[in-house]
Amino acid sequence: MGFSVLELVLRRLREENFTADVAYPGQKYPEIEDTVAAVHIEKVDRAKLTVTVEVNIICPASMGGTACELEALRATEVLRWTG
């Protein structure tokens, strides 16, 4: 059996050294010390056979907004080439 869309996204992000997990783990959000990626299914369109996945890149405030934006762009490139 193949990977689910979430598993594929998480695996690719982890391969590129992102700390990544599902966005709604059913527990308190941890205090982060480095960049993390939170992944969840945003939308499923059964008629078009598509799934939209949302990836939130979250950085500690001490890293600054620019660092977070750059990490988000890096994650976009990783996933773009994944398909």
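This note sets out numbered points on the predicted model shown above.

1. Basis of the values. The model is predicted, so local features require pLDDT of at least 70 and side-chain atom pairs count only at pLDDT 80 or more, whereas totals for chains, interfaces and linings use all residues. Residues are numbered from 1 along each chain as its sequence is written, and side-chain values use heavy atoms, with hydrogens and water left out.

2. Overall architecture. The chain holds 2 helices and 3 strands; helices (H or I, at least four residues) and strands (E, at least two) are DSSP runs, numbered from the N terminus. Read from the N terminus on, the order of the elements is α-β-β-β-α. Along the principal axes, the C-alpha atoms occupy a box of roughly 45 × 30 × 20 Å. Of the 83 residues in the chain, 25% are buried. Here buried means under 20% relative accessible area, exposed means over 50%, and partly exposed lies in between (1.4 Å probe, protein chains only).

3. Helix packing. Helix H1 (residues 5-15) packs against helix H2 (residues 65-82) at an angle of about 125°, and their axes are 10 Å apart. H1 is therefore oblique to H2; angles under 35 degrees count as roughly parallel, over 145 as roughly antiparallel, 65 to 115 as roughly perpendicular, and the rest as oblique. The axes are lines fitted to C-alpha atoms, for helices over the stretch in contact, with angles running from 0 to 180 degrees between N-to-C directions. The crossing of H1 and H2 is right-handed. In this convention, a crossing is right-handed if the near helix is turned clockwise from the far one by less than a right angle, and left-handed if anticlockwise.

4. Salt-bridge network at Arg 12. A salt bridge is counted when a side-chain nitrogen of Lys or Arg is within 4 Å of a carboxyl oxygen of Asp or Glu; the count by this rule is 5. Arg 12, Glu 15 and Glu 16 are linked in a network of such bridges. Between Glu 15 and Arg 12, the closest N and O atoms are 2.6 Å apart. Both of these residues lie in helix H1, at a spacing of 3 residues, about one turn of the helix. The bridge between the side chains of Glu 16 and Arg 12 has an N to O distance of 3.8 Å. Glu 15 is partly exposed, at a relative accessible area of 45%, and Glu 16 is also partly exposed, at 30%.

5. Glu 71 pairs with Arg 74 in a salt bridge whose closest N and O atoms are 3.0 Å apart. Both residues belong to helix H2 and are 3 residues apart, about one turn of the helix. Arg 74 counts as partly exposed because its relative accessibility is 30%.

6. The loop between H1 and E1. Glu 16 is located in the loop between H1 and strand E1 (19-22). Its C-alpha atom is 8.4 Å from that of Ala 75, although the two residues are 59 residues apart in sequence. Asn 17 also lies in the loop between H1 and E1. Phi of Asn 17 is near 70°, a positive value in a residue other than glycine. With a relative accessibility of 68%, Asn 17 counts as exposed.

7. The loop between E2 and E3. Which backbone angle of Leu 49 is positive? It is phi, at about 55°, although Leu 49 is not a glycine. Leu 49 is placed in the loop between strand E2 (36-45) and E3, and its relative accessibility of 77% makes it exposed.

8. Asp 21 is found in strand E1 and is partly exposed, with a relative accessible area of 43%. The C-alpha atoms of Asp 21 and Ala 38 are separated by 5.5 Å, while the residues are 17 residues apart along the chain.

9. Nonpolar surface patch. Val 5, Ile 41, Val 44 and Val 51 make a nonpolar surface patch of about 280 Å². Patches consist of residues with over 30% relative accessible area and no salt bridge, like charges being joined within 9 Å and nonpolar side chains (Val, Leu, Ile, Met, Phe, Trp, Tyr) within 5 Å. Accessible areas come from the Shrake-Rupley method with a 1.4 Å probe; for residues, only the protein chains shown count as cover. Val 51 sits in strand E3 (residues 50-58) and is partly exposed, at a relative accessible area of 38%.
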